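Here are a few exercises to work through with the structure open. Try each one yourself before reading its solution.

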Amino acid sequence: MDSALIPEGVKRCSFGKFIFWIIVVGAVLLWGVFAMLLCWFKGLNQTNMNDAYGFAVWIWADLAVIALGGGAFFTGLLRYIFGKDELKNIINYAVLIGFICYSSALLILAIDIGQPLRGWFIFWHANVHSMLTEVAFCLSCYFAVLTIEYIPLILENRQVDKVPFFHNLSHNMHGIMAIFAATGAFLSFFHQGSLGGVAGVLFGRPFAYREGVFIWPWTFFLFTWSAAACGPCFTIFITWITEKITRKKLVKKNVIMLLAKIAGWMLATYTIAKIIDTWYWAAVTVPSKGFTLMDFYSNNPLYGIWILVLEIVICGVVPSIILITKKGRESSFLLISAVFLGALGACVNRWVMVLQVMAVPVMTFESWPMYFPSWQEIATTILPVAYGIILIMISYRYLPIFPQEREIEQIG
Amino acid sequence: MKEQHKNTKAKKYGMVIDLDKCTGCGACMAACMAENNVPFKKDESNKLDSITWMRVYSLTNGKKFPEADMCYIPRPCMHCEAHNGHAPCVSVCPAVATDYNHETGIVSQIYTRCFGCRYCMAACPYHARYFNWWDPVWPDGMEKYLSPNVSPRMRGVVEKCSFCFHRYQLAMNKAYVEGRRELEEDEYQTSCTQACPAGAIIFGDLNNPGHAVNQIAKPDPKHGGRPMNPHAFRLLERLGTNPKVYYLSSREWVRRAGDNYIKDEGKQGNH
């Protein structure tokens, strides 16, 4: 039925099957949209946030998807600036995942603020001292860059490409993509960093606070670093899932191996930096505020020292070792486990730097407030996932996302 | 007039709360809510989503009779100065909806500017900032009793204690009409100060040696305003927030409860 729109030389499932799954995921999307409208029209009383948890699951989701979307800027940087040419075979998918992650982040932010119609105040009345201002500016600009990077992909659709104007536009946009990749990397460095700075500058919250260089706390650099490490991990992981669902190989092994190796070294160096940061924070910063490390990991029902072990050892050290060793990368099971753990590590880190920061009592006569999100918060957090799946489904079906797909299919 | 205003010495309004006098009656909380049109719900039992610009905490020393002791700590906004006005909340607000006034030392909250990101709440270690999760709904007829000097806040914005800033404005207006540029100590007092039956709350200009707050707390300007009075302390002094609310207590365990210490660290005095 829609075969004229499908890229030449590749196979896709039947239109009926495609629509069926679109409807299934669309139902989840509508559930999220309903919850979103409730939050917009009835207010944030629809959530389980409270005055202790001013930041909660949405901000975590925001930070997590931005970190996971980091594959776009870092793969772009490697491909266009450092000349890792093999990565051209996965850059489209990295851009698509980045586009989904960043558009989701902006949507979540629009739901999260108490007065959504005043959202533009952050640009109009900008406070240059606030990390959130930097986040807003860089995030919006980088989303524009990702849109520019995604447009040539849309223009490569078989029917759209027949129009000479679009064909030429796409060709010319490809020609100048290195400029956008460089711009994207520059913007990403700052917004990934300033997201780390959001927590790191909170000198009233010893659990989050970090010293640093000039105006930037160490978390500024750690967040950028971890995004560059876990973003490619997430790209590899989603590519693997897509291959499992479509039951075919979409990207050649050497491409995945190269990206996995780079991600591994980024993750390994990040983990070392994170260990040094944690050690300094625990040994110097925290005692200077009158706390011990274990004050942050005891006397509460959830946050034990396990979360630190999970973040640094299980999701940092272990995947790093797997990814930097050739044997580890070449075992499919170990590779996928490692990229999953790498991506999970960034999510755990963002969780800790948002939710645990809110939970740790600072005044001596307070206790740990606990929090569980309302269904509206859960639905609106799942909403971007459903939206992402739908966009991937449509893009995969109608656009030449994987340049090697036809070649692999012919060989196969 | 502008020149004259420029030449007046900057104020640093602050509070001293004598915890040995506080009985925990809550009159300060009630007075604050009435004075500042603070909204309330039918059920206020969940303290995590109800608004109390002034909140009284109760503490115990954790000991058994006969050593058992308790203390109430009234907690308004601390109007932190931190370093040069970069209070924890002021420096993070992305839209300058909260600001540090160098003329008065008061941290303002501009309700019509706030877009409800709640970053300031995340930044405040005192939990002095509150979000309007609901639109304010007043019981029938109560609108008539609202203060015309304080704007009620809408859903989706953050609010907090303003040190009854509208009273400062009214007092300054009166002074200007009378040709004065300076206020007497009793001309500008917060509602909680006036409501406290025990006289535990004292309010005034910490920069003015003639004001009681200065004489009692004896803030040391060379050390970020730390009190020189050995019985005075500030909450979470070690974080560097440089708050303008001082507490007094003759009991060491109370003073020690004001900040965090590693076991056995800093016993006998915390400054």
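This is a predicted model, so let's treat it as one while we work.

**Exercise 1.** Find which strands pair with strand 12 of chain B, and in which sense.

*Solution.* Start with strand 11 (residues 232–233) of chain B: two bridges join it to strand 12 of chain B, and the two run antiparallel. To see one of the pairings, look at B:Phe233, whose bridge partner in strand 12 is B:Tyr247. Now go to strand 1 (residues 13–18) of chain B, which pairs with strand 12 in the parallel sense over four bridges. Here, B:Met15 stands opposite B:Val245.

**Exercise 2.** Are the two faces of strand 12 of chain B covered or open?

*Solution.* Recall that side chains in a regular strand alternate between the two faces of the sheet. Strand 12 covers residues 245–248 of chain B. On one side sit B:Val245 and B:Tyr247, on the other B:Tyr246 and B:Leu248. All four are buried, and both faces are covered.

**Exercise 3.** Work out how helix 6 and helix 8 of chain A are oriented to each other.

*Solution.* First, get the angle: helix 6 (residues 131–155) and helix 8 (residues 177–200) of chain A pack at about 150°, with their axes 8 Å apart. Next, compare with the cut-off: angles over 145 degrees count as roughly antiparallel. Helix 6 and helix 8 of chain A are therefore roughly antiparallel. Their crossing is left-handed. Finally, check who touches: the contact includes A:Leu139 and A:Tyr142 of helix 6 and A:Leu187 and A:His191 of helix 8. The contact residues divide into 15 nonpolar, six polar and two charged.

Methods: Residues numbered from 1 in each chain as written. Chains lettered and ligands numbered in written order. Predicted model: local features only at pLDDT ≥ 70, side-chain atom pairs only at ≥ 80, totals over all residues. Axes fitted to C-alpha atoms, helices over the stretch in contact; angles between N-to-C directions. Parallel < 35°, antiparallel > 145°, perpendicular 65-115°, else oblique. Left-handed = near helix turned anticlockwise from the far one by under 90°. Contact = placed C-beta atoms within 7 Å. Nonpolar A, V, L, I, M, F, W, Y, C, P; charged D, E, K, R; others polar. Buried ≥ 20, exposed ≤ 12 C-beta atoms within 10 Å, placed from the backbone. Pairing = 2+ DSSP bridges.
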